[in-house]
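My entries follow the order in which I looked.

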Amino acid sequence: MENAYADIIRAVGEDLGRPGLLDTPKRAAKAFKYLCKGYEEDLDTLVNGAVFPSDNDQMVLVKDIELYSLCEHHLLPFIGKVHVAYIPSGQVLGLSKVARIADMYARRLQIQENLTKQIADAIQQVTNARGVAVTIEAKHMCMMMRGVEKQNSVMKTSIMLGMFRENPQTRNEYLALINS
Ligand SMILES: Nc1nc2c(ncn2[C@@H]2O[C@H](COP(=O)(O)OP(=O)(O)OP(=O)(O)O)[C@@H](O)[C@H]2O)c(=O)[nH]1
Ligand SMILES: [Zn+2]
């Protein structure tokens, strides 16, 4: 990856030998690897057994989890927030694990629609919940810094599973909570 970054820097017409750029291929490779660290993680290890018995059968919502991902088309960031809700069915998930699951999938090359679904499926898999809802609101640098150059548009994607899909009241309660 360092060599690839050196090629890119040369290709834009820069002098790789100048002091400011000497360590840049190494730094950039380290940074990019970090931004893609989700490929080195897996769901079971990340959850680490943090699923706890509970007789609470009402909605659990974790809102405004910040999100940094990379668009798979341009390798530019998309940045925003994710909301995750589920209806427990005998067990609840460790709070931090909700954000860790979102991060694991965000730190890969993504499109927002697939990222939303992957998070929802993972929450469903680890909790066996009666319903899961995931919403992502994000701004895409590939649409802001280049291309069509629109600064204010926000992409909003949702996935509703189980009760959130079947029961309008549950869905409406979720929507009211994330918009409040
Ligand atoms: N649906 C979806 N599209 C995305 C996402 N991130 C980037 N894109 C879009 O992917 C498309 C790629 O289109 P292309 O025409 O192949 O690439 P391009 O010439 O760089 O397109 P422009 O961005 O329109 O300049 C663009 O419309 C992007 O806005 C995403 O998360 N979801
Ligand atoms: Zn893009």
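**Basis.** I keep in mind that this is a predicted model, in which local features need pLDDT of at least 70 and side-chain atom pairs count only at pLDDT 80 or more, while totals for chains, interfaces and linings use all residues. Residues are numbered from 1 along each chain as its sequence is written, and chains are lettered from A and ligands numbered from 1 in the order in which they are written.

**Overall layout.** The C-alpha trace of the protein spans about 65 × 35 × 20 Å along its principal axes. I noted eight helices and seven strands; these are DSSP runs numbered from the N terminus, helices being H or I with at least four residues and strands E with at least two. Of contacts between residues at least 6 apart in sequence, 69% join residues at least 24 apart, a contact being two C-beta atoms, placed from the backbone, within 7 Å.

**The sheet.** Five strands make an open sheet of mixed pairing, in the order S5-S2-S3-S6-S7, where two strands pair if DSSP finds at least two bridges between them. The edge strands, each pairing on one side only, are S5 (109-110) and S7. I then followed S3 and its partners: S2 (residues 60-71) runs antiparallel to S3 and is joined to it by nine bridges, with Ser69 opposite Phe78 and Val62 opposite Val84. The hairpin of S2 and S3 has five residues between the strands, and Leu75 in the turn has a positive phi of about 60°. S3 also pairs with S6 in the antiparallel sense, over 10 bridges, and here Ile79 stands opposite Lys139.

Is S3 enclosed or open? Eight of its 11 residues are buried, so S3 is largely enclosed by the rest of the structure. I use buried for 20 or more other C-beta atoms within 10 Å of a residue's own, exposed for 12 or fewer, and partly exposed in between, with C-beta atoms placed from the backbone. In the protein, 28% of the 180 residues count as buried. Leaving aside residues up to four places away in sequence, I found Val132 touching Tyr86, Ala120, Ile123, Gln124, Leu161, Gly162 and Phe164.

**Ligand 1.** Which residues are around ligand 1? They are Cys71, His73, Ile111, Gln112, Glu113, His140, Cys142, Met143, Gly147 and Val148, near meaning that the C-beta atom, placed from the backbone, lies within 6 Å. H5 (112-127) and H6 (141-144) each supply at least two residues of this shell.

**Leu95.** I ended in helix H4, where Leu95 has its place. Leu95 counts as exposed because 11 C-beta neighbours lie inside 10 Å. Leu61 is 34 residues from Leu95 in sequence, and their C-alpha atoms are 9.8 Å apart in space.
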